[in-house]
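This report describes how two parts of one protein chain meet and then turns to individual residues. Please keep the sequence and the structure in view while reading.

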Amino acid sequence: MKVTEGGMVSGLLRDVKIPRMFHARQTFPREVIPREEIAGVVDQQLSQERFASLIKPGMRIAVTAGSRGIRNVDIITKAIVDFVKGRGAVPFIVPAMGSHGGATAEGQLEVLASYDITPETMGCPIRSSMEVVELGVSERGRRVFIDRNAYEADGIIISCRLKPHNAFRGAYESGPCKMMTVGLGKQEGASIVHSDGMDVIAENIPTMARVVLEKAKILLAIPCMENAYDETCRIEAILAQDIMEREPELLKYAFSNMPKLMVGETDVLVVDEIGKNYSGTGVDPNITGTFSTPYATGGIRVQRTCFLNLSQASHGNALGCGLASAITKKIFDQMDIEKMYPNCITSTVLASARIPCVVATDREALQLCIRTCNKIDRGRVRVVRIANSLHIGEIMLSEAYYEDVKKGLYPGVEALDEPKALEFDESGNLTTPAEYMAAP
């Protein structure tokens, strides 16, 4: 695709005014487990007799590790491995990420390495394979698969994050049951879970998880949950036989800790960086409102959205771009179709892999979104800018919000400076930091 600055597109956008913007702080409840205490919390949870007694000397224990950008995932995984070793058992890590990593064993190792999960840092092997074993058939008639390495272990510990999903709603969303069916199911199992569509996945996950719990050697799950600041706030071990009852309760807790953009609605949303380390769809639609299916709702109400950069941790997987109104040439040039398409083929959700409008620079991405908004006051265009969808404690708002923020009309939102023009470099890329930097 030929995308150049200075052509007809640039000419049409040249006079579009970008509003002055100011930095603002959003304040959320902040229950948190300090990073230095996380390993101790994991050990404390697993040391309870009902969990510790399951792990016996000489047992080969598979510990799952997923593809999401979970805060402190390296510490949590290492703490589980160390506990298993302390019980005299032999741990190994299994990538449990469905079709992510390009649906290859090598690609999944690469994803884990990007989170500092390697044999050297964890002190145990990582056994990565796309080979699966068929466990049986769910009550909905769906075949159920599990990673062969995990299946052949003497026991499996499900380590994962528990949070609301970005494309559907149900009693079981992202958590232990999804890790057992989609993550450990690898590409083949994940494909079946998604095969009926996102309107049915909320039924497939629990019915297929029951087969895994019955036929595989699941010992326990130990999900972590995060607060609105992307900080670990809760870690809880759950016996295998209690997962189906406990997971929906913890999902309610996770929902209560979800952050949000408190202004509620805007004309244009600017996301500086997207990536798989932030969400399965590049940005978390529970924040941005950019859902890939009609089976989940929420987030800010917005007319146009632009994405400016792709994270290095995504390794070219730019899923989620299809949910934007515009992206930059920077993102387009980094796209690796071999990393993107296996995921959407498996999930059957194609919207997030589509190519939106592609423009040459950050400046033109903003201008395109502003120019194409309908029924807005162009003298008071509302713009929200975030660094990414995981970190929204500090954001930028356009001048149209300033007086209302100063008057306290958005409880929890505080202006940190006054509206100023955004600054761009000679290449048209934003140089004003999205997060507030106090003067020295």
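## Basis of the description

Helices (H or I, at least four residues) and strands (E, at least two) are DSSP runs, numbered from the N terminus. The model is predicted, so local features need pLDDT of at least 70 and side-chain atom pairs count only at pLDDT 80 or more, while totals for chains, interfaces and linings use all residues. Residues are numbered from 1 along each chain as its sequence is written, and side-chain values use heavy atoms, with hydrogens and water left out.

## A residue in strand E5

Asp147 belongs to strand E5, which spans residues 143-147. Its relative accessibility is 0%, and Asp147 therefore counts as buried (under 20% relative accessible area, with exposed over 50% and partly exposed in between; 1.4 Å probe, protein chains only). Apart from neighbours within four places in sequence, Asp147 is in contact (heavy atoms within 4.5 Å) with Val94, Ser129, Glu131, Val132, Leu184 and Lys186.

A polar atom of the Asp147 side chain lies 2.9 Å from the backbone nitrogen of Asn149. Met180 is 33 residues from Asp147 in sequence, and their C-alpha atoms are 9.5 Å apart.

## The two domains and their interface

The domain assignment, with bounds from an automatic or database source, gives domain 1 (6-27 + 258-419) and domain 2 (33-255). Their centres, taken over C-alpha atoms, are separated by 31 Å. At the interface, 31 residues of domain 1 are in contact with 31 residues of domain 2.

The buried area (accessible area, 1.4 Å probe, that two parts lose on being put together, summed over both) is about 2,400 Å², and carbon and sulfur atoms give 51% of this. Met258, Tyr295 and Thr346 supply 25% of the area that domain 1 buries against domain 2, more than any other three residues.

Two salt bridges (a side-chain nitrogen of Lys or Arg within 4 Å of a carboxyl oxygen of Asp or Glu) are found across the interface of domain 1 and domain 2. On the side of domain 1 that touches domain 2, the elements giving two or more residues are helix H12 (285-288) and helix H14 (337-347). H14 provides the largest share, six residues.

## Lys163 and Asp284

Lys163 is found in the loop between strand E6 (155-161) and helix H8 (176-183). With a relative accessible area of 16%, Lys163 is buried. The side chains of Lys163 and Asp284 form a salt bridge, at 3.1 Å from N to O. Beyond neighbours within four places in sequence, the contacts of Lys163 are Glu173, Ser174, Leu251, Ala254 and Asp284.

Technical notes:
A polar contact is a pair of N or O atoms within 3.5 Å; within protein, one must be able to donate a hydrogen and the other to accept it, and residues adjacent in sequence count only if both atoms are side-chain atoms.
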